[in-house]
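Me: I have a model open and would like to go through the terms used for it. Could you help me with that?

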Amino acid sequence: VTAKIKEIYEKILSFFKVKKTVTFSELVNSPRKEDKLTTFIPILHLSNQEKINLQQEVPFGEIEITKLR
């Protein structure tokens, strides 16, 4: 799990080199539920560690990810 969290965080940081926010859909870029789940859990951990901020305007809407540190 720790390796996956690190992998996802590095992927998020690469997006932040180009822009200030990234959406969950951009991060996953796959229709498979397994891919979405294996990305969602690590971003929750990263949010809990206060490395990123997650914002969702409407239920079941797009999740926006911003960098905190």
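Me: What makes the radius of gyration of the chain agree with that of a compact globule?

Reply: The chain has a radius of gyration of 11 Å, and a compact globule with 69 residues would have one near 11 Å, so the two agree. The radius is taken over C-alpha atoms, and the globule rule is 2.2 Å times the number of residues to the power 0.38. Keep in mind that this is a predicted model, where local features need pLDDT of at least 70, side-chain atom pairs count only at pLDDT 80 or more, and totals for chains, interfaces and linings use all residues. Residues are numbered from 1 along each chain as its sequence is written, and side-chain values use heavy atoms, leaving out hydrogens and water.

Me: Why is Val 1 called exposed?

Reply: Its relative accessibility is 74%, so Val 1 counts as exposed (over 50% is exposed, under 20% buried, partly exposed in between, with a 1.4 Å probe and protein chains only). Val 1 sits in the segment before α1 (2-16), and its C-alpha atom is 19 Å from that of Arg 32, which is 31 residues away along the chain. As for burial, 26% of the 69 residues in the chain are buried.

Me: What makes up the count of helices and strands in the chain?

Reply: Helices are DSSP runs of H or I with at least four residues, and strands are runs of E with at least two, numbered from the N terminus. The chain has three helices and three strands, in the order α-β-α-α-β-β from the N terminus on.
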